[in-house]
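Student: Could you take a close look with me at one part of this structure, the place where the ligand sits? I would like to go through it step by step.

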Amino acid sequence: MKEKIIEELKKARSKDLTFSSGRILGSMCTRPHPIAVKAYRMFIETNLGDPGLFPGTKEIEDRVIKMIGSMLHAPESMGGRMTSGGTESNLTALWISKKMSGKREVIVSESAHFSFVKASSLMGLKIKVLPSKNYVADAEMLRKAISRDTACVVGIAGTTNLGLIDPIEEMGEICEEKDVFFHVDAAFGGFVIPFLQEMGYTKKKFDFEVNGVSSISVDPHKMGMSVIPSGVLLLRKREWLDVISVESACTHTRKQMSLLGTRPGASAAATYAVMKYLGKEGYMDVVKRCMAATAYAEKKLTEEGFELVVKPETNLIGVKVKDAGKIAEKLSAIGWKVGVDEENGFIRIVFMPHVKKRLIGEFVKDFKSVVS
Ligand SMILES: Cc1ncc(COP(=O)(O)O)c(C=O)c1O
């Protein structure tokens, strides 16, 4: 019986793609680091929704929050929670800002992730779209956009489609002046930009170093090389979590301050393990290799006459094509899974750690023949 079930599972799994094939070019997830997988297994039965039963696991979550806080220049007053990913972190940030302000309008840039559409639908929030300039938020328009009803402004550090960084410093200054909650969605960029800054690739600031920043989403299950699901929401002040606190009589701590009830402690353990193991040097190395692959692809593609949408700021590029949707389908049929932005007419490629340089030449050749 057991063997039969396992066989059935193997059959289903064999239909899946794997990151180790290297042909997944449109995902922000990657193969988790082996130490994260080991830690995940060790903590498989733990539940952070009931920390009274798992105080050791709760300590690990607190350490993860502290480590990521220190990576993102969070002040002593900071607090946070592990989440299931960028969507939950973004929903929670908006939930907190709505509760704190009693207002319902959220200003997001054009390139914001669709999780904000979900947040708007769930919480009855009114989304006001901030126009973009060269695919990033136009900070000059923000001052005018903020109104008496604004609960929150959202900036993106590592946009989903192009990996670009919004002008967080200018946006932060305006939000501080207008006393509006400013959430930075660094679900993708949170484990990239700090290392790019360290290596001198960028001078842009995006985290709590910027005074007006109230909260940040960052996903260990993307460039952090942890397991799915692993997200983190950080808040400048830990007491802001109190506004979403609910009585949870059936748990041993009797209070919960998170969107989810039962939460996987295994994700906290996995994230802790990979962060401790890789450390700053290890992540710098990962990011350096991803950036080298990005630069190599840029060179190969431009040599073949392709044009990039914009100069890449992180390990993500957009390549202009006609009929982007059709091109993506054709590439998919021959095994290359790319992202696509049909509205702006480009193919999106994310150079995650599993995307090896040696496959890029092969991809560019296939891409060229599909396009011509
Ligand atoms: C900028 C950004 N925010 C949020 C998300 C949502 O993350 P998740 O799919 O982990 O919920 C993504 C996903 O790609 C993203 O790129």
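Student: Which backbone atom of Gly86 lies 3.2 Å from an oxygen atom of the ligand, and what else is around the ligand?

Tutor: Happy to! Keep in mind that this is a predicted model. For Gly86, the atom is a backbone N or O atom, 3.2 Å from a ligand oxygen. In His221, a side-chain N or O atom is 2.9 Å from an oxygen atom of the ligand, and in Asp219 a polar side-chain atom lies 3.3 Å from a ligand oxygen. As for cover, the ligand taken alone exposes 390 Å², and the protein buries 83% of that.

The ligand is surrounded by 13 residues, and the closest are Thr87, Thr160, Asp185, His221 and Lys222. Sorted by class, this shell has eight polar, three charged and two nonpolar residues. Helix α4, which covers residues 86–101, gives the most to the shell, with three residues.

A disulfide is a covalent bond between the sulfur atoms of two cysteines. The structure holds zero of these disulfides. Cys29 is in no disulfide, and the nearest cysteine sulfur, in Cys290, is 13 Å away. Cys29 is also buried, because its relative accessible area is 17%, under the 20% cut-off. Cys175 has a sulfur 8.0 Å from the closest cysteine sulfur, that of Cys152, so the two are too far apart for a bond. Cys175 counts as buried too, because its relative accessibility is 1%.

Technical notes. Residues numbered from 1 in each chain as written. Predicted model: local features only at pLDDT ≥ 70, side-chain atom pairs only at ≥ 80, totals over all residues. Heavy atoms only, no water. Near = heavy atom within 4 Å. Polar contact = N/O pair within 3.5 Å; in protein donor to acceptor, adjacent residues only side chain to side chain. Areas by Shrake-Rupley, 256 points an atom, 1.4 Å probe, with all protein chains shown as cover. Helix = DSSP H or I, 4+ residues; strand = E, 2+ residues; numbered from the N terminus. Nonpolar A, V, L, I, M, F, W, Y, C, P; charged D, E, K, R; others polar. Disulfide = S-S within 2.5 Å. Buried < 20%, exposed > 50% of the residue type's maximum accessible area, 1.4 Å probe, protein only.
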